[in-house]
Amino acid sequence: MERQPEAMNETVNLKRHTFTDKMFRRLFLPTLFSAIGWALGDIADALFVGIRLGNAGLATMSLVAPIYMIYNVLDVGIAVGTSVKYTQALGKGEAKKGVEIFSQMLIVAVVTSIAVCAVGLLAMPYILQFLGAGSPHGALWSYTREYLQIMFLGTPITFLYFLLYYCVRCDDNEKLASAGYIIGYFTDVVASAVFIMGFGLGVKGAIYATVLGKAVGVCIFCFHFTRKWAILRFRPSKPDFKLISSALKTGMASSFGFIGQFAALLIVNNILYKLGGSGALAVLNIVQDVSYVALAIYTALGDTVQPLSGTFFAEHNKGAIKRVMTLGILIGIISGAVIALVFVLCAPSVCRLFGLNGSQIASGAFAVRLFCISVIPAGLNITWSACFQAIKREKIVFLINQLRTFVCFLAFAVVLSQLGIKWFWFTFLGAEVLTIIIWVPIALSKKQEASGKVFSYLLDVNSTDFSELISKAEAFCEENGADIKKIYTITICIEEVCQAIIENAFKKTGEEYVQLTLCFEDDGAIMLHFRDNAVNFNPFAMKIGQDYDNPEHVSSLGIQMVRKKSKQFFYRRYSGFNTLTVEV
């Protein structure tokens, strides 16, 4: 049950998304730059390798791609699961639990990365055979081995890089997270040019640059822990396998799709090699690199939708989640169409840039253009998957990712390849569209049950009658069976917190709002979530004293009462707004 004020004035109705929209913009722009940096970093490796080594170099980049899929199952799975659980914990005001989640998953990431490094180095000959790197005496085998050796040695850095990026971003430091991400990938691009074109290191130069870029990013992320206001900390504690399992389950719901992608790429690499040799693999690598740029906008949208949806989900703010998804879908469709059109028009030039020549340019341009038709449906799948992951619908996330990266993709690849290599490039479009056709009715038929009973109200500080909020909150509590004592505690909390914010943080000019969400949880807890657009202000940090001649002490007496009656409270500055959670 979600109750909205019936007589909320027109101005407040028009501004009901004032917090959501600004939080979306604040988080989206840095993540967009991060996604673009990531895409350019990956493209730089293939670009310089293609120019320097031709088809053999590009084919090597295609062969190692499945290993990255396995990597992403683990490093991205751990990072995303940790960040989602961390965001949900802070959304509920459980900062201690959030720190515990991060600390335990940091250890999991380090241990897992060392294990991956050891297994990769010891099993190298078998991995190369499995990837189909050709003869042990051939150039393709040699290039792939050189690349993977350095890649496995840099595994711990890669795992730390993604974990810190996702968690720092969710700890209200999206600017530093984006700076580390962008500078890391800029370092990758510059180092690739120097190592490959300048020093002639070939594929070794590409992976040296990648590891160096991530090491630079990790160093930048670590500056977050020097901030006094940062909540994110490492606190060693006894392993909680239930907590670890929960975080892994959440993260793996999306990242496990990389397992399917790993298998699909192995099969597709072999199919294309038989159809067109190393030239066909080179075209596939170009299509993959184009996808990094074309889908970067959706990577950014997913990274924006996920923490915001997780926060609003913890606050039981369904309206805000819907608004976040509306913004994400609209931006995605418009931007995706523009980006796809640019690549369609510039496809031959893109192929030349990667070192293709002659008849290869025409086949490469054809493949790129067909991929571009799949950009918007792919983006819709990515964006919705991020939202479902944040609101604990992991099964739908798993379904989407398995369908688009493995089941549907592989089915279309096998069938269409029988018709010839030109038909094969319809695989991307077919997989994305069929995925949407399958998951949408399943998601609609299994709607998530409402959790708790919720009352929400947007208080316009300069025009709304404050007494209306109190009366509606009291009515809501009575409807849900709260006793007189509990109603008194709740209304006192609302009144004193709002009054403290209005009197001490607002300037009484312009658009000033306090958003309240009151929830009767299923487990019996009663949570109050306050968000305001005032200057930095924590009501519970007001000075305490008994000097009644001191106005500041007098104004804090009500907060002292709330402090004594509340079970717990938690304040943080998040996405540019004051956020306060109180359990009464």
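Me: Why is Cys 493 called buried?

Reply: Buried requires a relative accessible area under 20%. In this predicted model, Cys 493 has a relative accessible area of 1%, so Cys 493 counts as buried.

Me: How do you know that the sulfur of Cys 493 is too far from the closest cysteine sulfur for a bond?

Reply: A disulfide needs two cysteine sulfur atoms within 2.5 Å. The closest cysteine sulfur to that of Cys 493 belongs to Cys 498 and is 8.5 Å away, which is too far for a bond.

Me: And what about Cys 387, which is in no disulfide?

Reply: The nearest cysteine sulfur is that of Cys 170, 14 Å away, and the cut-off for a disulfide is 2.5 Å. Cys 387 is also buried, with a relative accessible area of 2%. By this rule, the disulfide count comes to zero.

Me: Happy with that. What makes Arg 323 and Asp 21 a salt bridge?

Reply: The rule asks for a side-chain nitrogen of Lys or Arg within 4 Å of a carboxyl oxygen of Asp or Glu. For Arg 323 and Asp 21 the closest N and O atoms are 2.8 Å apart, so the pair qualifies as a salt bridge. The pair links distant parts of the chain, with Arg 323 in helix α13 and Asp 21 in helix α2, 302 residues apart.

Me: Why is Arg 323 called partly exposed, and why does Asp 21 count as buried?

Reply: The buried class ends at 20% and the exposed class begins over 50%, with partly exposed in between. Arg 323, at 24% relative accessibility, is therefore partly exposed, whereas Asp 21, at 17%, counts as buried.

Me: How do you know that Arg 26 forms a salt bridge with Glu 174?

Reply: The closest N and O atoms of Arg 26 and Glu 174 are 2.7 Å apart, and the limit is 4 Å, so this is a salt bridge too. Arg 26 lies in helix α2 and Glu 174 in helix α8, so the pair ties together parts that are 148 residues apart in sequence. Arg 26 is partly exposed at 33% relative accessibility, while Glu 174 is buried at 2%.

Me: What makes Arg 404 and Glu 432 buried?

Reply: With 20% as the cut-off, Arg 404 is buried because its relative accessible area is 14%, and Glu 432 is buried because its relative accessibility is 8%. These residues form a salt bridge, their closest N and O atoms being 2.9 Å apart. By the rule used here, the count comes to four salt bridges.

Me: Let's turn to the helices. Why are α4 and α5 called roughly perpendicular?

Reply: Angles of 65 to 115 degrees fall in that class. The axes of α4 and α5 come within 5 Å and cross at roughly 75°, so the two helices are roughly perpendicular to each other. Where they meet, Gly 120, Leu 121 and Leu 122 in α4 face Met 124, Pro 125 and Ile 127 in α5 as contacts.

Me: One last topic, the nonpolar core. Which residues have the most contacts inside the largest nonpolar core?

Reply: They are Tyr 147, Leu 148 and Trp 425, in a core of 146 residues. Helix α3 supplies the largest share of this core, 17 residues. Not counting residues up to four places away in sequence, Tyr 147 touches Met 61, Val 64, Tyr 68, Val 203, Ala 206 and Ile 207. There is also a second, separate core of 39 residues, which includes Phe 476, Cys 498, Phe 520 and Ala 534.

Note on methods:
Residues numbered from 1 in each chain as written. Predicted model: local features only at pLDDT ≥ 70, side-chain atom pairs only at ≥ 80, totals over all residues. Heavy atoms only, no water. Core = buried A, V, L, I, M, F, W, Y, C linked by side-chain atoms within 4.5 Å. Buried < 20%, exposed > 50% of the residue type's maximum accessible area, 1.4 Å probe, protein only. Helix = DSSP H or I, 4+ residues; strand = E, 2+ residues; numbered from the N terminus. Contact = heavy atoms within 4.5 Å. Axes fitted to C-alpha atoms, helices over the stretch in contact; angles between N-to-C directions. Parallel < 35°, antiparallel > 145°, perpendicular 65-115°, else oblique.
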